Amino acid sequence: MPDRGEELFDVRVQKRQELKSQGVDPYPARVNRTHTNQQAAALFAEAESVAKVQSAEARTSDVSIAGRIMAIRNMGRSAFLKIVDGTGSLQAHLRRDLLGDRYVILAQLDLGDHLGVRGPLFRTRTGEITVEAREIAVLSKALRPPPEKWHGLKDTEQRFRQRELDLMSSEEVRNRFLLRGRVVRSIRNFLDNRGFLEVDTPILVPVPAGAMARPFTTHHNALDRDLYLRIATELYLKRCIIGGLDRVYEIGRVFRNEGIDLKHNPEFTTLESYEAYADYRDVMRMVEEMVSTAVREATGATRVTFGDDAIDFAPPWPRLDLRQAILDATGIDVDRSTDPQTLAAQMREAGIDTGARASFGLLVDKIVSDKVEPKLVQPTFLVDYPKEMSPLAKEKPGNPSYVERFEAFAGGMEIANAFTELNDPVEQRKRFQDQEELRKLYGEEDFDRLDGAFLLAIEHGMPPTGGLGVGIDRLVMLFSGQRSIREVVLFPQLRT
């Protein structure tokens with residue numbers, strides 16, 4: 001028995017051929033569009049305002065719109081079509097007496113086709129702004145139908161694999177990615193206005209350093225060498241600081257060959273910024289101002305709904321000492337558990353699964369992830385981390401066991417990470433060497449890597465610097481009320 005989908009495909013192919021036989025190019029190279037749907041609707045509303053009338057008798061001069069047909073009501077001698085573009089929908093009215101011979105094209109039109117319509121705007125008796133078609137032009141004949149109009153795509157995997165259909169059928173999904181664009185634009189404007197310079201650093205790198213993560217490996221044929229997709233932009237950006245670019249940032253993808261879950265995708269978007277002559281306190285103030293500005297400009301308010309919680313990003317955000325937060329949540333004092341074995345034993349007593357043998361830094365991170373992070377619903381800074389967790393951060397004056405680092409949390413997940421950057425080249429080399437020794441000791445863990453080019457650069461002198469990394473995807477999750485990172489990444493990685 002023939003497949004229903006292929007039958008529909010064959011019918012549309014036949015209609016495509018019929019258009020050609022009528023002298024109609026179903027895929028013309030260009031269209032003369034004068035207004036988006038949103039602009040056309042605003043034009044008519046302005047005309048009504050000037051005329052002080054809302055009536056089916058009102059008319060405007062001709063506009064030309066273009067978009068995808070998402071509904072057809074054919075009444076024989078006339079038809080109403082819903083035309084959707086990137087700004088919204090607008091109704092078009094096609095009449096046989098006005099279009100003449102061109103009206104026969106209607107028989108070859110289907111949902112999903114792109115159509116251009118020229119004519120005046122008017123308001124129907126039901127109050128809908130409409131284009132009265134004087135000319136129509138087929139712009140693209142769709143050979144497959146859009147998703148069923150009332151329900152869209154219900155299969156989650158299909159939504160992610162065929163995001164174009166998800167966008168086509170769901171205004172909510174389209175609006176989510178429009179919001180994402182506003183978030184990125186707001187952050188970029190915020191930093192530009194503070195004198196930061198946006199730069200581009202390599203994606204293919206010889207050493208995957210700057211974070212504790214497993215990289216993706218590739219091979220460059222011409223150079224006959226293995227390279228890696230970057231896991232962070234940190235070390236190249238700090239080389240810009242060393243070179244005299246005092247405020248720099250980059251918004252872009254980084255890649256980590258790790259697990260996939262609600263908060264993690266193998267490729268994700270980060271903002272990293274570095275400011276000379278600043279420390280982590282300066283960065284903290286910048287983060288709460290930047291994020292509150294971004295949510296306000298993207299959504300219209302600093303308060304958002306995330307699940308059952310109302311989260312308010314208005315500054316100031318609380319500052320919690322990491323050691324005290326762990327002590328309050330678990331009764332474990334990390335200052336009294338200075339070796340991995342002792343700390344792991346206390347964690348097991350507190351009901352925390354330590355898994356296989358792990359380093360001190362990974363164990364502390366496990367405590368934070370399991371017992372502290374889920375409780376941080378309102379925007380909060382956790383400050384001052386054990387040195388073992390932060391090989392790129394500067395020691396706290398008077399307390400060399402800790403570094404000047406903070407992580408920002410909201411909605412029970414991490415959204416930012418920042419340091420007062422370590423700028424002592426001798427100490428930095430020792431820290432990298434310690435990381436390499438830990439890698440040998442704990443072979444299954446991820447540690448930072450010794451980057452000789454960065455060490456050479458920092459020996460030329462790096463000023464005191466405040467550095468920052470922000471997860472763009474997670475901000476968009478919070479601002480749009482989504483629990484899964486896949487909902488805010490256009491084309492997420494999926495299992496086959």
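Are F313 and F479 buried or exposed? F313 is buried, and F479 is buried too; buried stands for under 20% relative accessible area, exposed for over 50%, and partly exposed for values in between, with a 1.4 Å probe and protein chains only.

1. Basis. The model is predicted: local features need pLDDT of at least 70, side-chain atom pairs count only at pLDDT 80 or more, and totals for chains, interfaces and linings use all residues. Residues are numbered from 1 along each chain as its sequence is written, and side-chain values use heavy atoms, with hydrogens and water left out.

2. Aromatic pairs. The structure holds 5 aromatic pairs. Rings of Phe, Tyr and Trp (its six-membered ring) pair if their centres lie within 6.5 Å, and planes under 30 degrees apart count as stacked, over 60 as edge-to-face and the rest as tilted. F313 and F479 form an edge-to-face pair, at 5.4 Å centre to centre with 80° between the planes. F313 sits in the loop between β15 (309-312) and β16 (319-321) and F479 in helix α14, so this pair ties together parts that are 166 residues apart in sequence. Helices (H or I, at least four residues) and strands (E, at least two) are DSSP runs, numbered from the N terminus. Ring pairs also link F313, W317, F381, F406 and F479 into a cluster.

3. A second pair. F432 and F454 are edge-to-face as well, with 6.5 Å centre to centre and 70° between the planes. Since F432 belongs to helix α12 (residues 425-441) and F454 to helix α13 (residues 452-458), the pair ties together parts that are 22 residues apart in sequence. F432 counts as buried because its relative accessibility is 0%. F454 is likewise buried, at 0% relative accessibility.

4. Helices α6 and α14. Helix α6 (residues 171-193) packs against helix α14 (residues 472-480) at an angle of about 125°, with the axes 10 Å apart. Axes are lines fitted to C-alpha atoms, for helices over the stretch in contact, and angles run from 0 to 180 degrees between N-to-C directions. The angle makes α6 oblique to α14; under 35 degrees counts as roughly parallel, over 145 as roughly antiparallel, 65 to 115 as roughly perpendicular and the rest as oblique. The crossing of α6 and α14 is right-handed; a crossing is left-handed if the near helix is turned anticlockwise from the far one by less than a right angle, and right-handed if clockwise. R176, L179, R180, V183, V184 and I187 of α6 make the contact with I472, D473, L475, V476, F479 and S480 of α14, contact being heavy atoms within 4.5 Å. By class, this contact has 8 nonpolar, 1 polar and 3 charged residues. Ala, Val, Leu, Ile, Met, Phe, Trp, Tyr, Cys and Pro count as nonpolar, Asp, Glu, Lys and Arg as charged, and the others, Gly among them, as polar.

5. Helices α9 and α11. The axes of helix α9 (residues 322-330) and α11 come within 10 Å and cross at roughly 60°, and the two helices are therefore oblique to each other. Their crossing is left-handed. On the α9 side the residues are L322, A325, I326, A329 and T330, which meet V364, I367, V368, K371 and V372 of α11. The contact of α9 with α11 has 8 nonpolar, 1 polar and 1 charged residues.

6. V304. V304 belongs to strand β14 (residues 303-306) and is buried, with a relative accessible area of 5%. Not counting residues up to four places away in sequence, V304 touches V295, T299, D309, A310, I311, F313, L478 and F479. V304 and L478 are 174 residues apart in sequence, and 7.5 Å apart in space from C-alpha to C-alpha.

7. Backbone. Most residues other than glycine have a negative phi, and most peptide bonds are trans. The peptide bond from P315 to P316 is cis, with omega near 0°, and P316 lies in the loop between β15 and β16. D224, not a glycine, has a positive phi of about 50°; D224 is in the loop between β10 (217-220) and β11 (225-229) and is exposed at 58% relative accessibility. Y277, also not a glycine, has a positive phi of about 65°. Y277 lies in the loop between β13 (267-276) and α8 (280-299) and is exposed, with a relative accessible area of 60%.
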